[in-house]
Structure formats: structure tokens, C-alpha cells
Amino acid sequence: MTSRARTLAIWAAILTILLTLPLYAPGYYISLLISILMWIILAVGWIIFSGYTGYISLAVAAFFGLGSYMTVIIWPILPSFPLVIIAGGLASGFFAILIGFPCLRIRGPYFIILTLGLSELVKYISQIYEVRVRGALGTILLGGPSSEVFYYSLIIIAAITVVTAYFVKNTKFGLGLFSIKANEEAAEAMGVDTTRYKLLSFGLSALFMGFAGAVMALRWTYIDPTVAFNPLITFQVTIMAIFGGMEDFRGPIIGATVLTLISEAFGIRYPYHYMGLLGITLILLVKFLPTGLMGVISRLYIRKKIVGALDAVS
Amino acid sequence: MEFGNISAILVMGLTIGCIYAVIAVGLNLLYGTMRMLNIAHGSIIMLGAYTAYWLFTIYNISPLFSAIFAALGAGVIGLVVYKLLFASDIRTAKSLESLEGASLLIFFGLLILTENVASLSWGADFRGYSYLTNALTIWGTPVALNRVSAALIAIVVCLALYIFLQRTLFGKAVRAVIQDKDATQLAGVDTGKIYIFCFVVGFAMAGLAGALISMFYSIHPFMGLPYTLMAFVVIILGGLGNILGSLVGGLILGLVITAVVAYTTPGFSFIVQYVIFIVVILFMPQGIFGRRVR
């Protein structure tokens, strides 16, 4: 078996297990997988822009929350699940492209802190809007689909996100994005249309975050600005991606899975302990493991290959 | 527009502006010399505020006095953070610019850590105490004595640092690092010492600011980030590494925010702050004084 066929077989096996799971697994595992899938969508979506271009965006909560709010607005009028998902994704994607025009000219720490400020701004604006215009804070969303429907739709969205991340990386588009990460001026001089590339991947990454937000709004059944635009969402996604590795889609999948399991095991009961530990983890990761788990794995793998080749020679 | 309004905006704006100035000067010291954007600056402010709060509520120590402890404690934290997290990287890195992104993420981790440890230890409620609440009338506007004294301390500390940087040999070295660190190193200055100084003094000023803020605003574990973002706007306005610019920028921003909030509603205060923040980053990255250090 070639390594490519083996990889495909592994992914097919994982997908088969995931698809048949609701037939025999207890409900708890389904809800656990729903939250893992949500974080996978967000983290893989995040690397499509931040991992590939090196622009660290802390606006995850803004795009996720915007997606949720499309559901809040549309669901009471037109309760169609696919419609709200598509609307949420498109709204976030367009919003990203809109704010991307001015924001993506800014680079480095300015960009990071600008995106953070932007999410806070969106949160406060929606708070003011709810209190002043609608007269009440928070919305209860009733009549959402069953958990199986949530589960399968998140699998579909996650699969699309992963496939997109894969194809973006392995095409001319991805090459352009990585050249921006390596050296933006040089990329521009070589004829890469950096502005369009950045905008497109920023929008693409926001699209998936919007999908996730729109789905989760119905799953959580209650949405207010502090839930939808919670900065913790940004923190967790960033840490998941950095923890797993940001070079391709495998890193964030591993990071999201591991951290969601830890968070389910003890983050719910001890939120402050958990977040404090995440803070320490982030510091240690940036200092000692900047390539993430995938970086370590691939280094070990390469070492094994070299050792094997040396053995074969001698 | 009646006179009462203008005088109220001037008094309230300038007093809060002094606090912004001391926060921004501390942040600018780190950014100007090391190109490190301390996004955890606000968390140090929060720790300083809690220091003053606890010393006042438990031992009844005046916050004017405990501000010294807050500053010293924050300075020690700065020293530890520098030694533990940055000293080795700075020595080995080819350029400080290459550390910009990584250092921001490290500070981000520090921010999450301190905020959550604080919530864990002290709860996430708003807290406050009253001290020196008797009013003073300035230009026809009654203003609490605690606010005025906090502003005075803040401005004195800023000016003292400015004079220190202008008048002493060490201060000259700091300013040289701000202008061009490679050339300064070539001229034989031990930049490591300068970095330690900036970390300790930068953090100490944040701790002091926190103690001062606690005298007239309520405090909570997540209070820091808006101050950090404000300080960031101030250092952009005033110019990166420009200490006097930060001072003036702080006063201007204090006035602008107070005026805007006075003519809209207090509920808009955060929105106004973030809108100013975004507009300044996007459209005035060189600052109003226009001196680009980089």
C-alpha cells in the first residue's frame, strides 16, 4: 500500500465510524462529538487564513457570533435549518471581506490587536442594539432539529472545511498565501496579488466560522451577545490551532479534539482553572513548541525515515 | 453649550487623561525599546488595583501609600516575566522584530492566566471602596478628591520618568535604544540592562495606575483589556517610543472620550473607545506628531 492510499484509507475509516456512530453510541458521545466538531470547524477555518498567511486573527468570536446572530434574526421568521446555516456563513464571509479591505493593510502586532478590538466592538454594538432597539437582552431559539441532525450537518460542514483547507494549501492559491507568510514584499514583487489572496482567505475562513456559529446558536437554544461573541471562543481556537500545529488541517483537528476532551473532563466544572492552564499552555507552546504537535510528529517521522534509510545502507 | 459643561468635560477629561498617560507611558517604554506589545499590561493594572483594594479593606492602608507597594510588586512581576520568558530569546534572536508575533502571543497567554487566576482567587464581581470622597471644586465643577490626587500622582510620575530619561546618562541610553538599538549596542551600551529597566518600570507604572484607578472606579478581574487598548491608541497618537507624546496623547484621548460620552450616553462609552481605537490604528498609524521611529 502506498502511503497516499494508506492515508486515504485511514480517513475513510474515521469517516465511516463517525457516520455510523449515532446508530450505536449513547447520546452523551454524540453531544461530545458535536462540540468537538464545532471546534474542529473553527480551528481548521482559522488556519485557512491565520495558519497559511501568518496573520494572527483574534476576530474568531466576531465571525462566530455574527453567524449565530443570523440565526437569531432569521429563525423566528423562517425556520429552515439549511437556510440559517448558509445565511450565517455568508454574512460572516462578507463581513470579513468588508472589514478586510482596511484591516488587511495592517501587519504584525497591529493586526492582531486590531482584530481583538474589532470583536469587542461588535460585541458591544450588539449589546446596545439588543437593549435599546429590541428592548431585551438575549433570545431563546426553539424548535431546532434533533441532535442527529446537528451531528450530521456538523460532520458535513467539518468535511467541507477540511477539504477546503487541503485544497487551498495544495494549489497556487495556497502557495501564494504561504509566500505572504514567508515574505510579503517579495511575494508582491513576484506578482502575487497579495491583497486579493489575503481577502479571499480571510473571507473563506470567516465563512466556516459563520457556519459553525449559525448551527451552534440553535444547538445552544439561547443566544445573547456575551455568549455569541465570547472572547473565550477566540482564545480556545487560537490555542487549539497553535497546540496542534498551523501548517495544515491535521494540526487543528488534533488540537481541537484534545483540548475539547480536556475541557469536557474538567473545564466545565473548573472554568477558571481550565482557562488559567490554557494561558500557561499558550506561553509554553509559543516558547518551546512553536510548530505544535504536528511539527513534533513530523520531525520524529522524518528522523525515523532517516534512521531507516541509514540502516538499509549499512 | 453652557460653561458648566465645558468645564466638567475639561476637569473629568484631564483627570482621566493623566491616568491614561501613565498607563500609556509604561506600555510605550516596552514597545519603544523592544517592539513588544504587552497586551497583558491591563492585567498588571488589574493586579495593582486589587493590591490597593485589599490593603485598604483589610488593613485600612491608604491607597496613596499602597500604590507604592502595587508599583513595587508589579515591577517584580516585570523582572520575573522578563527573566523567565524573554531574556534568552532576546539574546539569541536575530532581530527583535522576529519576536513581535511570538511575544504578543506569550503576553496573551499571560493575560488569560492572570485574569483567570484573579477570578479564581477573588471572584468575578465588581468591587470598590470609598476613600477621599469629599468634593473639591475646580473651575466650577465639583470633583472628588480621590480622582484629583490620583491624577496628580500619575502626572508627577510621568514627568519624573521624562526628566529621568532626558537628564541622566542611563536615560540617554534608553532613548538611544528607542531610536536605534543596533547602533546603541555597537556604541557599547549594555542593552540587556536597558530591557530589564523597561520591563520593571513599564510594569511598575501599570501597577501604580491600577492602584490609582481603584480609588475612583470599581474593579474586577477583566477590567484590564479596555485600558490596554486605550493605551495602545495613545502610544500610536503620541508616537512609538515618544514619552512626551504619550503624555500629551493620554490627555487628549481623555478629553475626547469624556466629551463624546458627555454628549451621547454613558452606555456608549465602550463603543466610543473601540471606534476611536480602530479609526486611529487604521487611518493614523503614524500618530498625530508624525514621528515614525521604526
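This is a predicted model: local features need pLDDT of at least 70, side-chain atom pairs count only at pLDDT 80 or more; totals for chains, interfaces and linings use all residues.

Me: What span does helix α10 of chain B reach, and what is expected for it?

Reply: The general idea is to set the end-to-end distance beside the one expected at 1.5 Å a residue. Helix α10 of chain B, residues 243–263, has 21 residues and reaches 31 Å from its first C-alpha to its last, which is close to the expected 30 Å. Helix α3 of chain A, residues 60–74, can be read in the same manner: its 15 residues should span 21 Å, and because its end C-alpha atoms are 22 Å apart, the two values agree.

Me: Is B:L251 buried or exposed, and why?

Reply: One counts the C-beta atoms around a residue, and 20 or more within 10 Å make it buried. B:L251, which sits in helix α10 of chain B, is buried because 21 other C-beta atoms lie within 10 Å. Leaving aside neighbours within four places in sequence, B:L251 is in contact with B:L14, B:G17, B:C18 and B:A21. B:L251 and B:I19 are 232 residues apart in sequence, yet their C-alpha atoms are 8.5 Å apart in space.

Me: Which residue could I set against that one, to see the opposite case?

Reply: Take A:L310, which lies in helix α14 of chain A, residues 292–313. A:L310 counts as exposed because it has 9 C-beta neighbours inside 10 Å. A:L310 and A:K198 are 112 residues apart in sequence and 43 Å apart in space, taken from C-alpha to C-alpha.

Me: Which residues touch the most other members of the largest nonpolar core?

Reply: That core holds 201 residues, and those touching the most other members are A:I41, B:I19, B:V22 and B:A154. Its largest share, 19 residues, comes from helix α1 of chain B, residues 3–34. Not counting residues up to four places away in sequence, B:A154 touches B:C18, B:I19, B:A21, B:V22, B:A209 and B:L212.

Me: How many residues of each chain are in contact with the other?

Reply: Here 28 residues of chain A are in contact with 30 residues of chain B. On the side of chain A that touches chain B, α5 (109–134) and α13 (271–288) each supply at least two residues, and the largest share, 12 residues, comes from α5(A). The residues of that side divide into 21 nonpolar, five polar and two charged.

Me: In what sense do β1(B) and β2(B) pair?

Reply: They pair in the antiparallel sense over four bridges, and B:L136 stands opposite B:V143 in β2(B). The two strands form a hairpin with two residues between them, and B:W139 in the turn has a positive phi of about 50°.

Me: Where is confidence lowest and where is it highest in chain B?

Reply: Confidence is lowest in strand β1 of chain B, at a mean of 76, and highest in helix α2 of chain B, residues 41–59, at 92. Chain B averages a pLDDT of 84, and 93% of the residues score at least 70. For the complex, the predictor gives an ipTM of 0.80 and a pTM of 0.85.

How values were computed:
Residues are numbered from 1 along each chain as its sequence is written. Chains are lettered from A and ligands numbered from 1 in the order in which they are written. A residue is buried if 20 or more other C-beta atoms lie within 10 Å of its own, exposed if 12 or fewer, and partly exposed in between; C-beta atoms are placed from the backbone. The expected span of a helix is 1.5 Å times one less than its number of residues. Two residues are in contact if their C-beta atoms, placed from the backbone, lie within 7 Å. Ala, Val, Leu, Ile, Met, Phe, Trp, Tyr, Cys and Pro count as nonpolar, Asp, Glu, Lys and Arg as charged, and the others, Gly among them, as polar. pLDDT is the predictor's confidence in each residue, from 0 to 100. A nonpolar core is a set of buried Ala, Val, Leu, Ile, Met, Phe, Trp, Tyr and Cys residues joined through C-beta atoms within 7 Å. Two strands pair if DSSP finds at least two bridges between them.
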